[in-house]
Amino acid sequence: MPTYDERLRDLEERLRHDDPGFAEAMSEGTPRPPREYRRRNAWLWLAVGLAVLGMGIAVGHGLLIATGLVVTGAAAHLFDPQRGRLHGRDIPTTR
């Protein structure tokens, strides 16, 4: 059974591998949100989707309205920090 220090080292190595920018910021002491909580692309796609939706409503074009709704709906999924993980399988053990 690994010791407490070995488990911490393993956790540190996985964190450094998964998000090197966050790990570097933690070692320097400057806070930076982890990758799961940086949502710049989600906000961008949401704005694009809403702009296309608004333009479709203003022009009265059904295809633009449908495209805006689809892009806005897809952008809403980008706000989920758990996306891309299999729920229930990525839970660390406490043994």
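Predicted model: local features only at pLDDT ≥ 70, side-chain atom pairs only at ≥ 80, totals over all residues.
Local features require pLDDT of at least 70 and side-chain atom pairs count only at pLDDT 80 or more, while totals for chains, interfaces and linings use all residues. Residues are numbered from 1 along each chain as its sequence is written, and side-chain values use heavy atoms, with hydrogens and water left out.

The chain holds four helices and zero strands. Its elements run α-α-α-α from the N terminus on. Helices (H or I, at least four residues) and strands (E, at least two) are DSSP runs, numbered from the N terminus. Of the 95 residues, 14% count as buried. Buried means under 20% relative accessible area, exposed means over 50%, and partly exposed lies in between (1.4 Å probe, protein chains only). The chain exposes about 7,800 Å², of which carbon and sulfur atoms supply 61%. Areas come from the Shrake-Rupley method with a 1.4 Å probe; for residues, only the protein chains shown count as cover. Among contacts (heavy atoms within 4.5 Å) between residues at least 6 apart in sequence, 38% join residues at least 24 apart.

Helix H3 covers residues 40–59. Its 20 residues should span 28 Å at 1.5 Å a residue, and its end C-alpha atoms are 29 Å apart, which agrees. The expected span is 1.5 Å times one less than the number of residues. Ala 42, Leu 46, Gly 49, Val 52, Leu 53 and Gly 56 are buried in H3. Seen down the axis, these buried residues fall within an arc of 130 degrees, so they line one face of the helix. The arc is that of the directions from the helix axis to the C-beta atoms. Arg 40, Trp 43, Ala 58 and Val 59 are exposed on the other side of H3. Just after H3, Gly 60 takes a positive phi of about 85 degrees.

Helix H4 (62–77) is part of what covers the buried residues of H3. In turn, the cover over the buried residues of H4 includes H3. The 16 residues of H4 should span 22 Å; the end C-alpha atoms are 23 Å apart, which agrees. Gly 68, Thr 72 and Ala 75 are buried in H4. They cover an arc of only 60 degrees around the axis, which puts them on the same side of H4. On the other side, the exposed residues include Leu 63, Leu 69 and His 77.

Tyr 4 lies in helix H1 (residues 4–18). At 56% relative accessibility, Tyr 4 counts as exposed.
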